[in-house]
Amino acid sequence: MAKKPQKRIKHLPQRTCIGCKTVLAKRELVRLVRTPEGIMVDETGKAAGRGAYVHNTRRCWEQALKGPISHALRTDITPADQQRLKEYLERLPEVDPIENRAESRDVTN
Ligand SMILES: [Zn+2]
């Protein structure tokens, strides 16, 4: 059997950061997953459950914690979740690796 050499276009999976709404390569984002125990940081990126992606920058985490997380995961952020996510946030670098000011939306309710 002769196999046709198929040129595969390398497709980088892309996801949207729920903090700043920028579309990025998945590897630059941290996955959050909704589990029965609450919202967890999915280090493997493969955990089952509804997931959401956030940039690995503090700014986006802070932004995401203000509401987009609960919206994206369709769940409420419990105080325990807040605590856990803030602990993770504090391990992130303070400076943004990339300057991203494509869209600075002011979401005021
Ligand atoms: Zn972001």
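Here are some worked exercises on the structure shown above.

The model is a predicted one, in which local features need pLDDT of at least 70, side-chain atom pairs count only at pLDDT 80 or more, and totals for chains, interfaces and linings use all residues. Residues are numbered from 1 along each chain as its sequence is written.

**Exercise 1. The elements of the chain**

Task: Find how many helices and strands the chain has, and in what order they run.

Solution: 
- Step 1. Let us start with the terms: helices (H or I, at least four residues) and strands (E, at least two) are DSSP runs, numbered from the N terminus.
- Step 2. The chain holds 3 helices and 5 strands.
- Step 3. Reading from the N terminus, the order is β-β-β-β-β-α-α-α.
- Step 4. For burial, a residue is buried if 20 or more other C-beta atoms lie within 10 Å of its own, exposed if 12 or fewer, and partly exposed in between, with C-beta atoms placed from the backbone. By this count, 21% of the 109 residues are buried.
- Step 5. Two residues are in contact if their C-beta atoms, placed from the backbone, lie within 7 Å. Among the contacts with a separation of 6 or more, 58% come from residues 24 or more positions apart.

**Exercise 2. The sheet**

Task: Work out the strand order of the open sheet and the pairing of its strands.

Solution: 
- Step 1. Two strands pair if DSSP finds at least two bridges between them.
- Step 2. The open sheet has 3 strands in the order 4-3-5, and the pairing is antiparallel. Its edges are strand 4 (38–42) and strand 5 (51–55), each of which pairs on one side only. From one strand to the next, the twist averages 30°, where axes are lines fitted to C-alpha atoms, for helices over the stretch in contact, and angles run from 0 to 180 degrees between N-to-C directions.
- Step 3. Now take strand 3 (residues 29–35) with strand 5: they pair in the antiparallel sense over 5 bridges. Here Arg 31 is opposite Tyr 53, and Val 30 has Val 54 as its bridge partner.
- Step 4. Strand 3 is also joined to strand 4 by 5 bridges, and these two run antiparallel. Thr 35 stands opposite Gly 38 of strand 4. The two strands form a hairpin, with 2 residues between them.

**Exercise 3. The buried faces of helix 1 and helix 3**

Task: Say which residues of helix 1 and helix 3 are buried, and what packs against them.

Solution: 
- Step 1. In helix 1 (58–65), the buried residues are Cys 60, Trp 61, Gln 63 and Ala 64. They fall within an arc of 165° as seen down the axis, so they line one face of helix 1. The arc is that of the directions from the helix axis to the C-beta atoms.
- Step 2. Their cover includes strand 5, helix 2 (68–73) and helix 3.
- Step 3. In helix 3 (residues 79–89), the buried ones are Asp 81, Leu 85 and Leu 89. These cover an arc of only 75° around the axis, which puts them on the same side of helix 3. As a reminder, an α-helix has 3.6 residues a turn, so residues three or four places apart point the same way.
- Step 4. The buried residues of helix 3 pack against strand 4 and helix 1. Exposed on the other side of helix 3 are Pro 79, Ala 80, Gln 83, Lys 86 and Glu 87.
- Step 5. Take Lys 86 as a check: it has 12 other C-beta atoms within 10 Å and is therefore exposed.

**Exercise 4. How helix 1 and helix 3 cross**

Task: Describe the packing of helix 1 and helix 3 by angle and distance.

Solution: 
- Step 1. The angle is about 165°, and the axes are 10 Å apart.
- Step 2. Angles under 35 degrees count as roughly parallel, over 145 as roughly antiparallel, 65 to 115 as roughly perpendicular and the rest as oblique. Helix 1 and helix 3 are therefore roughly antiparallel.
- Step 3. On helix 1 the contact is made by Arg 58, Trp 61, Glu 62 and Leu 65, and on helix 3 by Gln 82, Leu 85 and Leu 89.
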